[in-house]
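Hi there,

Here is the structure I promised to pass on. Have a look at it first, and then read on for what turned up.

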Amino acid sequence: MRFNDTGDPGAARGSTEDDGQDLPEDVQNEVDRVADVVDVVDVVAAGFRGPAWQQMAEELYAYAFGRLCAVMRRTDKLMRLTAKSKTLLAMTDEDRATLYRSASDREHLAILTLNVAMETFPQLLKMGGYDPAHNRGKDGRASRLTSYFYGRCGLVFPRVFYVWRAERTDRFLVWRAERTERFLLHAVQMGGGVLAHALGQTGTEPVPEDVGDLCDTLTAMINRLNPRDRAVWNLTVDGLSQGEIAAVLDIKVGDVENARYRLRSQLRTRRRSGELYVPPGVEAEWARTRAQAKARKTAA
């Protein structure tokens, strides 16, 4: 069965009697292509699965995908695209910033939108929804099939966007919970003797009393830190570099540097006031470690 431009059976395809003028050749060709696809579906009763429909669908996807990705970076253009949707599009500053900065988020959202728009598009074509002779597009011009499909994407975009945003928020909450779990895993209270071992003071000989006092004081200071800073120092004592600690805790290297700086500042203040005594042997070991680090930095 062949449909005319309004979706009524029987009339010749591409008829423009009511319009009073012929369609542009490229638009008429697309009207014919749609009619051919619909005819094949009617004959084989197998749905929109043939090679002609597959090729058409690929062209529609290719056309709309790039434009959707581009328009999401411009709020004004996105609002114009979705203006006729039954679902009002409301975006926060964070939403706009995310879509402007993140190509992966734009691409994901574009694919979701294309899939939803395509779900009902074949039936729309079968019912004669693509009617360029009577439903003129921008500036009264007959629209191409690709533009028509792109317009359909604009109609479904708001509700797709809200679902995407909710799922993205859920993923963020899960990620944040996992990151917190990693923090807590490495932010356990430091046990006694850990620092003494890290300083090479454990073995068959008992730990000198002044070294033991220093280790107890430092351990107490680390255990009073907030969970993130405590995790940083626990991993530092384990011998991890700043970059390795940042990777383990999923934080920035600058955050690691700041955590280390805060405790070191407290130590310097206590040493200057005489509250903290560092035995000569430990002081010598610290000086040797600093010299090695400086030499490695210079060599690099």
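A residue counts as buried when its relative accessible area is under 20%. Cys-69, with a relative accessible area of 11%, is therefore buried. Cys-153 is buried too, since its relative accessible area is 0%. As for sulfur pairs, a search of the whole structure turns up zero disulfides. Please keep in mind throughout that this is a predicted model.

Now the overall picture. Of its 300 residues, 36% count as buried. Among contacts between residues at least 6 apart in sequence, 69% join residues at least 24 apart.

Next, the interior. In soluble globular proteins, nonpolar side chains tend to be buried together. Here the largest nonpolar core has 41 residues, and Phe-121, Leu-145 and Phe-149 have the most contacts inside it. Two or more residues each come from α1 (25-44), α2 (51-71), α3 (75-81), α5 (103-126) and α6 (145-186), with α6 giving the most, ten residues. What does Leu-145 contact, leaving aside its neighbours within four places in sequence? Its partners are Glu-30, Val-34, Met-56, Leu-60, Phe-121, Leu-125 and Tyr-130. Apart from this core lies another, of 15 residues, which include Met-190, Leu-214, Met-221 and Trp-233.

Not counting residues up to four places away in sequence, Ser-143 touches Val-27, Tyr-130, Pro-132 and Tyr-148.

Finally, a helix pair. The axes of α9 (residues 227-237) and α11 (residues 253-273) come within 9 Å and cross at roughly 90°. Angles of 65 to 115 degrees count as roughly perpendicular, and that is why α9 is described as roughly perpendicular to α11. On the α9 side, the residues that meet α11 are Arg-228, Asp-229, Val-232, Trp-233 and Thr-236. Facing them in α11 are Asp-255, Val-256, Ala-259, Arg-260, Arg-262, Leu-263 and Arg-264. By class, this contact has five nonpolar, one polar and six charged residues. Trp-233 is also among the residues of the 15-residue core.

Happy browsing, and all the best

Key. Residues numbered from 1 in each chain as written. Predicted model: local features only at pLDDT ≥ 70, side-chain atom pairs only at ≥ 80, totals over all residues. Heavy atoms only, no water. Core = buried A, V, L, I, M, F, W, Y, C linked by side-chain atoms within 4.5 Å. Buried < 20%, exposed > 50% of the residue type's maximum accessible area, 1.4 Å probe, protein only. Helix = DSSP H or I, 4+ residues; strand = E, 2+ residues; numbered from the N terminus. Contact = heavy atoms within 4.5 Å. Axes fitted to C-alpha atoms, helices over the stretch in contact; angles between N-to-C directions. Parallel < 35°, antiparallel > 145°, perpendicular 65-115°, else oblique. Nonpolar A, V, L, I, M, F, W, Y, C, P; charged D, E, K, R; others polar. Disulfide = S-S within 2.5 Å.
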